[in-house]
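Colleague: I have the model open beside me. Could we go through a few local features together?
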Amino acid sequence: MTVDKDKKKRVNNIVGSIKKVYGDKAIGTLKERYEDIKITFHKTHSYEVNAMLDGGIAKGKILELYGAESSGKTHLALEQISIEQKNDVNFHAAWVETEGSFNAEDAIKLGVDMERLALVTQDDELVADDCMEIIRGLAASGEFGMIVVNSVAGLTPKAEVESNLDKQNIALTARLMSKFLRLVAGQLSKHKCTLILVNQIRTNLNSMYATSITTGGKAVAFYASQRVEMKREKLMSGEPINENDGLKIRCKVTKNRLSKGNPFKICYYYAIYEKGIDGTLELGTVLTREGILTKKGAWLRLENEEGDVIKVPSDNGDVEAKWNGNANFVKFVKENDSARIFFEKLLEKKMAEGKVGVAL
């Protein structure tokens, strides 16, 4: 079939006339707009979480972290701000606190730069409606790379503040979030600002089986590009840490519009008290599962196609890639940044190809 040059000319004329009225960015071909809409990611310190989300936390999108209390939601959001600030000296973030539980000492221990974190605190005068307007302004400014709301359940609309305690205020937060997310989604995408909504779960008493639901109405789940349910898991004997060291967190993706395959994945990671996520504890498991490392008995080995052990870089030169047990592999990676970077690049390559999986 031949190309209809006259039709192409007519289409270009139509597009050109729209641009004259609404501006050059109002319309364009996918080729012209590709760089603007291309999805990039914030990398967490957990290789498993990055793989589970098919790249990490999407920039310019909405991520909902929800689950029971003490399941690592706030910790993960705080640590991500710290990571981005360390990677970019010009990265600024905002934190909207609705629960009155923000702990500055925890933020500092995780490495958050206080001068590059704007804090908004909801109270009797600054209600949820005001907080939402502030977030809209921050997103529209283009100066903030990440905004965290902690939490959706704690948002108190003006109408609720002004009413008596015994008055029923049905779905006030849900209506507020529905309107707010419609207005802010475009600004977030335009300026590559990520909005992280920390949320809680409630028991749905209208259900026969007492199922769990999230607060804030259905709009939150609809507008979120990624939704992750988080839960604290019991640490068993033989695991790399114990209860005195930190937590084991289970993450389950319940929505991921950006997935390259099956979006409904589950993973586990370890969070060390006052230090954050320790990805090296899971690195050996990920590399073995993906076939990068070969496990023979207790030994972890990096082999070539002939099955021979090859060498990997270390801070003191190349060494044979074999370790007796995962604990020795973890120790080696912790002590040698060159090796850690080497293995990270191997994982990044597989992830870019959409081949890295997680523990389902």
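This is a predicted model: local features need pLDDT of at least 70, side-chain atom pairs count only at pLDDT 80 or more; totals for chains, interfaces and linings use all residues.

Colleague: Over how many bridges do strand 14 and strand 17 pair?

Modeller: Strand 14, residues 299-301, pairs with strand 17 over three bridges, in the antiparallel sense. Within strand 17, Asn 324 stands opposite Trp 299.

Colleague: Let us turn to aromatics. How many aromatic pairs does the structure hold?

Modeller: There are seven aromatic pairs. One of them is formed by Trp 323 and Phe 332, with 5.3 Å from centre to centre and 40 degrees between the planes, a tilted arrangement.

Colleague: Is Trp 323 buried or exposed? And Phe 332?

Modeller: Trp 323 is buried, at 7% relative accessibility. Phe 332 is buried as well, at 13%.

Colleague: Why is the pair of Phe 329 and Phe 343 called edge-to-face?

Modeller: Their planes stand at 70 degrees, with the ring centres 5.5 Å apart, so the pair is edge-to-face; the cut-off for that label is over 60 degrees. This pair links distant parts of the chain, with Phe 329 in helix 11 (residues 326-335) and Phe 343 in helix 12, 14 residues apart. Phe 329 is buried at 0% relative accessibility, and Phe 343 is buried with a relative accessible area of 0%.

Colleague: Which residues form the aromatic cluster?

Modeller: Trp 323, Phe 329, Phe 332, Phe 342 and Phe 343 form one cluster.

Colleague: What lies over the face of Phe 222?

Modeller: Lys 255 lies over that face, 5.8 Å from the ring centre of Phe 222. Arg 257 also lies over the face of Phe 222, at 5.6 Å from the ring centre.

Colleague: Now salt bridges. What is the count?

Modeller: The count comes to 18 salt bridges. In one of these, the side chains of Glu 348 and Lys 43 meet at 3.6 Å, N to O. The two residues are 305 apart in the chain: Glu 348 is in helix 12 (residues 337-352), and Lys 43 is in the loop between strand 1 (41-42) and helix 3 (47-52).

Colleague: How accessible are Glu 348 and Lys 43?

Modeller: Glu 348 counts as partly exposed at 37% relative accessibility, and Lys 43 counts as partly exposed at 29%.

Colleague: What about Arg 289 and Glu 290?

Modeller: They form a salt bridge in which the closest N and O atoms are 3.3 Å apart. Arg 289 is partly exposed, at 32%, whereas Glu 290 is buried, at 11%. Salt bridges that share partners join Glu 48, Arg 289 and Glu 290 into one network.

Colleague: One last topic, the backbone. Where is the cis peptide bond?

Modeller: A cis peptide bond joins Asn 150 and Ser 151, with omega at about 5 degrees. Ser 151 is in the loop between strand 6 (146-150) and helix 7 (158-161).

Colleague: And what is the phi of Asp 54?

Modeller: Phi of Asp 54 is near 55 degrees, a positive value in a residue other than glycine. Asp 54 lies in the loop between helix 3 and strand 2 (57-58) and is buried, with a relative accessible area of 5%. Ser 70 likewise has a positive phi, of about 55 degrees, and lies in the loop between strand 3 (62-67) and helix 4 (73-87).

Colleague: Why single those out?

Modeller: They are worth noting because most residues other than glycine have a negative phi, and most peptide bonds are trans.

Key:
Residues are numbered from 1 along each chain as its sequence is written. Side-chain values use heavy atoms; hydrogens and water are left out. A salt bridge is a side-chain nitrogen of Lys or Arg within 4 Å of a carboxyl oxygen of Asp or Glu. Helices (H or I, at least four residues) and strands (E, at least two) are DSSP runs, numbered from the N terminus. Buried means under 20% relative accessible area, exposed over 50%, partly exposed in between (1.4 Å probe, protein chains only). Two strands pair if DSSP finds at least two bridges between them. Rings of Phe, Tyr and Trp (its six-membered ring) pair if their centres lie within 6.5 Å; planes under 30 degrees apart count as stacked, over 60 as edge-to-face and the rest as tilted. A charge sits over a ring if NZ of Lys or CZ of Arg is within 6 Å of the ring centre and within 35 degrees of the ring normal.
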